[in-house]
Amino acid sequence: MPPSTLSAVPYLLISIYLLSVSNTTYAVNTDRSKTDKVDIDNQRFAICLNNLVKTGPFVSVKETFTQYRPSLLDPSVLESLNYQPEFAKEPWDYLASLVDEERVVDGIAADEDYANVLAKIETHYGVNRYDVLGVWGVESDFGTKLGKKDVINSLATLSCFGRRQSYFRREYVSALKILKKGDIAKSDFKGSWAGAFGQTQFMPSTFLQLAQDFDGDNRKDLVNSQADALASTANFLKNSGYQSNKPWGYEVRLPSGTNFSNDRKNKKPISHWQGLGITLPDNKPLPETLSSAGLFLPSGKQGPAFLVGRNFDAFYAYNASENYALAIAHLSQRIKQQDTNVDFATPWPTDDPGLNRKESREVQESLNLLGYSMDEVDGIIGDKTRKAIQKYQADINIKTDGKAGQKIHRHLIASSKELREAAKIEAKINANREAIDTNSSQNENKEGSKTKSTHSLSDLVRSKSLLFIIISILFLLSIAIVILSKRKL
């Protein structure tokens with residue numbers, strides 16, 4: 001239902017409707033928009049696999065290939081491969097979704113929980129523990145989101161269809177070698193659509209080169225062993241040119257009236273930048289902790305500015321994106337400082353900042369309440385969320401750009417206010433009803449429950465449950481009458 005019509009719907013009807021729907025918090029349109037179907041041909045898939053197993057790279061893993069050979073391709077990975085983003089993410093949107101208060105708090109907790117192993121990793125590899133935590137947080141939210149795609153099925157599909165088949169065939173062989181050696185169990189071999197897996201998302205070929213057995217069980221288990229995963233990450237950074245006891249860089253303030261260009265690769269001595277009048281955000285002189293650094297301007301000279309060193313480049317090597325590297329650096333620094341304020345000293349040059357995950361969940365919840373086609377409420381702004389935002393924008397006659405920023409968040413919170421309040425009431429009623437039902441069940445299971453007195457008690461509890469529901473409905477009706485009376489006035 002478009003929000004423009006909500007004011008005409010009496011709150012009374014909303015309340016009664018919510019009470020009448022069991023176990024349903026959100027009014028969701030079940031007619032979800034269909035994604036474009038990828039042309040699939042499992043017969044061609046079988047022929048491709050028959051040919052692959054005969055080629056040189058697969059000879060050494062022929063038995064493993066046969067043992068875990070998929071019978072059906074996974075068309076969803078081809079959709080992901082061919083997906084062309086309709087919405088470009090600005091750096092402030094990208095950073096807001098990866099580095100927020102929740103993730104900093106979780107990172108601080110992870111630092112405490114794994115203090116011993118992180119200290120050993122720091123000593124052994126010379127990589128700062130907070131930088132390792134930064135990668136872990138960005139890649140899998142500290143091991144809570146590892147991906148659900150079957151790695152073998154994904155890589156087999158990508159080896160036979162779509163772009164970059166030669167690349168994915170190498171990764172397919174590498175994945176089979178991992179299974180053959182026994183480092184990862186087949187049931188645990190799940191990850192992203194492209195085959196990255198584990199707590200810090202290694203591609204199979206990277207695993208074979210750099211994975212570590214740090215817990216001493218003779219297996220490099222990046223899925224179930226935090227020690228192995230974090231040590232492997234440190235080993236990756238070390239092999240990517242990471243410099244021990246050096247910072248990744250720091251935010252700086254640019255002097256006004258001077259032209260600067262975004263060129264982090266053009267490293268200059270710190271004295272060079274000092275001579276140009278660049279300081280720390282609080283106008284203090286640049287520290288001498290870096291011998292040289294490059295200037296990084298992710299949104300131009302009007303936004304936050306950074307001097308970055310070799311360790312920032314090591315972050316970039318993990319995933320070739322400057323915004324990604326900045327997310328790791330920023331999260332690492334906030335965890336180290338135990339500072340949940342994730343804003344930079346210089347604000348982003350926008351009037352519509354990005355959303356953190358809590359705000360993203362609120363956007364999705366509001367869209368569901370308003371009846372727009374939506375995915376699950378997970379705080380991840382994907383294509384379907386953006387399309388739902390576009391439909392909402394069209395209904396309220398504003399620019400249909402599908403952008404999930406602070407502006408649309410304010411609109412949706414205002415439009416869904418009454419529905420949100422009604423949903424909270426319904427949730428409270430359901431919780432109380434479940435508590436009563438639980439008590440009733442416990443009473444029925446007590447010794448002597450078949451006696452007349454216990455039956456009477458059970459009937460009494462059920463009567464009280466029914467009475468509570470009736471009272472709740474009458475309470476909501478009274479609220480509705482008051483609201484409608486105020487509206488008439």
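In what sense do strand β4 and β5 pair, and over how many bridges? Colleagues, I shall answer that and then turn to helix α16. This is a predicted model, in which local features need pLDDT of at least 70 and side-chain atom pairs count only at pLDDT 80 or more, while totals for chains, interfaces and linings use all residues. Residues are numbered from 1 along each chain as its sequence is written, and side-chain values use heavy atoms, without hydrogens or water.

Strand β4, residues 263-269, pairs with β5 in the antiparallel sense over three bridges; two strands pair if DSSP finds at least two bridges between them. Helices (H or I, at least four residues) and strands (E, at least two) are DSSP runs, numbered from the N terminus. Lys 268 stands opposite Ala 293 in β5. β5 is also joined to β6, antiparallel, by three bridges, with Gly 294 opposite Val 308 in β6. Four of the five residues of β5 are buried, that is, under 20% relative accessible area with a 1.4 Å probe, protein chains only.

I now come to α16. This helix covers residues 322-337 and spans 22 Å from its first C-alpha to its last, close to the 22 Å expected at 1.5 Å a residue; the expected span is 1.5 Å times one less than the number of residues. Twelve of its 16 residues are buried, including Tyr 324, His 330 and Arg 334. The buried residues of α16 pack against several elements, among them β5 (292-296) and β6 (305-308).

Finally, the ends. Ser 321 caps the N-terminal end of α16, with a side-chain oxygen 3.4 Å from the backbone nitrogen of Asn 323. Just after α16, Gln 338 takes a positive phi of about 50°.

Note on methods: Buried means under 20% relative accessible area, exposed over 50%, partly exposed in between (1.4 Å probe, protein chains only). Contact means heavy atoms within 4.5 Å. A polar contact is a pair of N or O atoms within 3.5 Å; within protein, one must be able to donate a hydrogen and the other to accept it, and residues adjacent in sequence count only if both atoms are side-chain atoms.
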